[in-house]
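Welcome! Take a moment to look it over before reading on.

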Amino acid sequence: MTSETFQLELAAAEAYEERFVPAIFAEWAQVLVTEAGVAPGQRVLDVACGTGIAARRAAEIAGAPAVTGVDINDAMLKVAARIRPDITWLLGDAAALPLPDADFDTVLCQMALMFFPDPAGALREMGRVASVGGTIAAAVPGRLEDQPAYGPFVEMVARHAGAEAMSLLSVYWACGDPERLQRLFAEAGLTVTAIRTHVGTARYASADDFVVGEVESTPLMDRLTPEQYAQVRLGAKAVLQPFTDRDGSVAAPLHGLIIVARR
Ligand SMILES: C[S@@+](CC[C@H](N)C(=O)[O-])C[C@H]1O[C@@H](n2cnc3c(N)ncnc32)[C@H](O)[C@@H]1O
């Protein structure tokens, strides 16, 4: 990777922390840490930690020296380390965690399982690094058909940009079927103890800002012509209207699943 590419990635990771963490992910981190039962004295791992919001919430309870975050993207980890240098941050793939067996009481994975090529394999890895009887807890977005704001938004984008666009955006919702999610955990040899829906909120300053956040930061952006992008921005105002406040800000419900299992 050239240093120029890395600087771009670093800027994107800083933007992720500044924009998406408060707008979407901070709320989920609180819920995930609570549902996982993170407690003082536990050793906690955050897999695909990004800029580290779930690890930071866990550190508030378990203490920073007991918490480790792993991510495949070095730029994300640089931002994580800038914010909390006292937490351990490791570069690594969820498919082959750079950690010994049975080293953690709780393993968290927030809003990332759907991106892994082999989610059951990654869950098996999470089980491997968890102690016997330890907890593995994940948060994933729910099914697209259960999303009152994102569903119509993605359909509208697909109408303007074609089916390929739909398939690019569909990865986010790929683990959202509760039966499939439980099967993945079972395949990984984990015993599911709880699964529930949580409805979070994605907050944006405007419908335009929603499009910038949800489209410009994805590979879809490169595939849209300027005309298609203009249509998407116009369409977003209409489909997000039920979630738009008088001041123009958007609060879009995000249905997700929180699943907790034991090794
Ligand atoms: C939507 S972000 C979620 C980050 C963080 N958990 C949060 O809630 O803010 C998805 C993260 O998954 C990471 N990721 C994707 N594939 C990965 C893999 N195979 N191993 C480790 N991390 C991965 C990305 O680098 C990114 O930081």
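Predicted model: local features only at pLDDT ≥ 70, side-chain atom pairs only at ≥ 80, totals over all residues.

The protein chain holds ten helices and seven strands, and 51% of its 263 residues are buried.

**Overall form**
- A compact globule of 263 residues would have a radius of gyration near 18 Å, and the protein chain agrees because its own value is 18 Å.
- Along the principal axes, the C-alpha atoms of the protein chain fill a box of roughly 55 × 45 × 35 Å.
- Of the contacts in the protein chain with a separation of 6 or more, 76% are between residues 24 or more positions apart.

**Surface and charge**
- The protein chain has an accessible surface of about 11,600 Å², and carbon and sulfur atoms contribute 54% of that.
- Its side chains include 21 positive and 33 negative ones, with the centres of the two sets 4 Å apart.

**Strand β7 and its partners**
- Strand β7 covers residues 250-262, and ten of its 13 residues are buried, so the rest of the structure largely encloses this strand.
- Strand β6 (residues 191-204) runs antiparallel to β7, and 13 bridges join the two.
- Within β7, Ala252 is the residue that stands opposite Ala202.
- Strand β5 (residues 130-141) also pairs with β7 in the antiparallel sense, over seven bridges.
- Ile259 in β7 is the bridge partner of Ala138.

Key. Residues numbered from 1 in each chain as written. Heavy atoms only, no water. Buried < 20%, exposed > 50% of the residue type's maximum accessible area, 1.4 Å probe, protein only. Helix = DSSP H or I, 4+ residues; strand = E, 2+ residues; numbered from the N terminus. Pairing = 2+ DSSP bridges. Rg over C-alpha atoms; globule rule 2.2 N^0.38 Å. Contact = heavy atoms within 4.5 Å. Areas by Shrake-Rupley, 256 points an atom, 1.4 Å probe, with all protein chains shown as cover. Lys, Arg positive; Asp, Glu negative; His and termini not counted. Charge placed at Lys NZ, Arg CZ, Asp CG, Glu CD.
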